[in-house]
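Reader: I want to learn how to read pockets in a protein model. Where do we start?

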Amino acid sequence: MASEQAASADMTGYIQHHLQNWQVSLGDSPFWTLNMDTVVFTVVSSLVFMLLFVFFARRATAGVPGRLQSIVESVVLFVDGLVQETFHGKSKLIAPMSLTIFGLIWIMNFIDLLPIDFLPWAWASIHPEPEHAYLRAVPTADLNTTLGMALGVFLVIQYIGISEKGLGKFFAEFFSAPFEAKGPVARLLVALPNFILRLIEEAVRPISLSLRLFGNMYAGELIFVLIAVMTLGAGLASFTSASTWLLGIGQFLSAFGWTAFHILIITLQAFIFMILSIVYVSLAAESH
Amino acid sequence: MDINVTLIIQGLAFFAVVWVVMKFGWPHIIGAIEERQQKIAEGLSHAERARKELADADARVADEIRKARAEAAGILERANAQALQIVDKAREEAVVEAMRQKAIAAADIEAQAHRAREELRSQVATLAIAGAEKILQREIDASAHGELIDQLVAGI
């Protein structure tokens, strides 16, 4: 009984340890806390993405393309095609932004496929206080990342709305759409409902974008943690018992299955984030 | 799980990456792709033009061959006509020559016959004179009786 309680406390501790960010305080209030792990792995992912992309872009020639160049070009053309058939504005920002969203989110999500304890273990082995070596390596499993990107997209949506329609029309549409009315009295009547709906609409977009990605990645990470718990604390000595063997095999199979499935999820979520951003920006550019 | 200053950092980092991609990557790739598309389009139009030129040249060659054939046929025809003409002319000349030869031969025969007749006539005259001499047993003056003898010879 006591050992079971201890094991359960171990499990809770293990899971909680995995869900705790490496935080650095920059000020007095809780807001001025920096999730160092998120920032570090975002920078690493960004560097990988930028270096790869700029490298291939610089090497791209108009001659016969090699295999890698063909792959990069087909991704670029795919994104460019999506943007061109949805977005009819003048801005040159949208296609590169969409590609960045897809590529960067995919790389950040990909960190989730690394063995769950590998990076935290490496961090703990060089940390002076291993029991306080917190590390959550997947930046997209941190709401700050997804919300930060979604708010970035939100700003771009507003910027495109203003630059494509002009400031006057942009603000007029706050009160004249989606309910359209004729005559001054009717217009006055629909102005407030329109304004409220517009505020809700604008607020919901970044929230739904960020929560969808965050939820998927957080849940995926949590499931990896739960799979890892199966043989928690089982040293080499405990592989004498049949139950440890069974759990070990079960852990291997479930981790393998979930990783394979997760490849689809990380790609799909990166794609959804990109395609919804394109759609939102395109809607902002269309006049009502 | 809590929202903190990381949010702002992440948003800024996102824009930084977008900026780098937009500034240093995207135009190169799109530029290369568009340049290649243009090259391919040019290549296709070149190929099209070359094919048209080839077809033109083929047509020209066929035209030349047809013309040459027609010319050759014309030459052949003219040559045949000329040959016929030559043969005809030769035949005519041969006929004329034959006629001439025939006329010469006829004249020759005539002359020989005439000469033979003259000879015969003179021999007859001699014979007649010799006969008459034998008959008259005296010499007849050929010059005195020449007129008579001539009349006799003309009578033969």
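Author: Start with the term. A pocket is an open set of grid points with protein on both sides within 12 Å along at least five of seven lines. Its volume is the space filled by probe spheres set on those points. Keep in mind that this model is predicted.

Reader: What is the general idea behind the probe?

Author: Rolling a probe the size of a water molecule over the atoms shows where empty space is left.

Reader: What volume does the second largest pocket have?

Author: About 290 Å³. Its lining has 15 residues. Nearest the centre are Asp80(A), Gln84(A), Ser91(A), Lys92(A) and Ala95(A).

Reader: Which elements give two or more residues to that lining?

Author: Helix 3 and helix 4 of chain A do, together with helix 1 (6–136) of chain B. Helix 1 of chain B gives the most, four residues.

Reader: How does the lining of the second largest pocket divide by class?

Author: Eight residues are nonpolar, three polar and four charged.

Reader: Now the largest pocket. How much space lies in it?

Author: About 470 Å³. Of its 17 lining residues, Phe49(A), Ile71(A), Val72(A), Val75(A) and Gly103(A) are the closest to its centre. Helix 2 (36–59), helix 3 (67–86), helix 4 (94–110) and helix 9 (242–285) of chain A each give two or more residues to the lining. The largest share, six residues, is from helix 3 of chain A.

Reader: And which classes make up the lining of the largest pocket?

Author: Nonpolar residues number 16. One residue is polar, and none is charged.

Notes: Residues are numbered from 1 along each chain as its sequence is written. Chains are lettered from A and ligands numbered from 1 in the order in which they are written. This is a predicted model: local features need pLDDT of at least 70, side-chain atom pairs count only at pLDDT 80 or more; totals for chains, interfaces and linings use all residues. Side-chain values use heavy atoms; hydrogens and water are left out. On a 1 Å grid over the protein atoms alone, a cavity is a set of points where a 1.4 Å probe fits but cannot get out, and a pocket is an open set with protein on both sides within 12 Å along at least five of seven lines; lining residues have an atom within 4 Å of a point. Ala, Val, Leu, Ile, Met, Phe, Trp, Tyr, Cys and Pro count as nonpolar, Asp, Glu, Lys and Arg as charged, and the others, Gly among them, as polar.
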